[in-house]
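Here is a short briefing to read alongside the model. Take a look at the structure first, and then we can walk through one piece of its helix packing together.

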Amino acid sequence: MPAVVSDASVLIYLGALQRLDLLQNFFQEVLVAQAVWREVTCAARSRPGAKETIEAGRQGWLKVRSPQNLALVASLQTTLDAGEAESIALASESGALLLLMDESEGRAKARALGLAVTGTLGVLLRAKNSKAVPALKPLLDALITQFNFRLSRPLYEQALRQVGEAP
């Protein structure tokens with residue numbers, strides 16, 4: 001089964017919640033581009049998610065890969081950062097089932113290339129629906145208040161209604 005590819009924000013936010021395990025439970029293998037690995041683990045070792053991501057790499061279910069389509073990476077980097085560009089290229093060339101990315105412009109470019117995309121909220125919705133987490137609201141509230149997760153009020157309320165936790 002092809003793996004999923006994750007951009008930095010999903011690793012950072014799930015790591016901040018101490019729920020990076022959700023990725024392993026749902027996907028077994030997660031690929032991250034070199035630029036994403038550097039962004040999460042090297043640029044700021046004190047950043048939320050850094051130690052959890054390093055541990056996932058040690059456990060072997062999170063694997064660092066370099067995209068080979070450097071022309072696509074360069075093209076994407078005209079409007080996206082290196083991690084997003086490498087993640088999209090890696091997902092495209094690896095035949096990944098899913099790209100995990102929160103950034104809206106990156107998601108749009110990935111979809112234009114035919115990639116399936118979800119983000120932190122999508123993973124948390126799946127976790128709630130599969131009963132891997134007992135409630136969504138406390139997780140979203142923690143992300144928003146403690147970690148500056150940007151989520152519009154209408155989308156926040158829609159997500160809670162979707163899992164039966166209407167505000």
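This is a predicted model: local features need pLDDT of at least 70, side-chain atom pairs count only at pLDDT 80 or more; totals for chains, interfaces and linings use all residues.

Residues are numbered from 1 along each chain as its sequence is written, and side-chain values use heavy atoms, leaving out hydrogens and water.

- Leu139, Leu140, Ala142 and Leu143 are the buried residues of helix 9 (buried means under 20% relative accessible area).
- They span an arc of only 160° around the axis, which puts them on the same side of helix 9; the arc is taken from the directions from the helix axis to the C-beta atoms.
- The cover over these buried residues includes helix 1 (8-16), helix 8 and helix 10 (153-162).

**Packing against helix 8**

- Helix 8 (residues 120-129) and helix 9 (residues 137-147) pack at an angle of about 160°, and their axes are 10 Å apart.
- The two helices are therefore roughly antiparallel to each other (an angle over 145 degrees, on a scale from 0 to 180 degrees between N-to-C directions).
- In helix 8, Thr120, Leu121 and Leu124 meet Leu139, Leu140 and Leu143 of helix 9, with contact meaning heavy atoms within 4.5 Å.
- Five residues of this contact are nonpolar, one is polar and none is charged.

**After the helix**

- Asn148 follows helix 9 and has a positive phi, near 55°.

How values were computed
Helices (H or I, at least four residues) and strands (E, at least two) are DSSP runs, numbered from the N terminus. Angles under 35 degrees count as roughly parallel, over 145 as roughly antiparallel, 65 to 115 as roughly perpendicular and the rest as oblique. Ala, Val, Leu, Ile, Met, Phe, Trp, Tyr, Cys and Pro count as nonpolar, Asp, Glu, Lys and Arg as charged, and the others, Gly among them, as polar. Buried means under 20% relative accessible area, exposed over 50%, partly exposed in between (1.4 Å probe, protein chains only).
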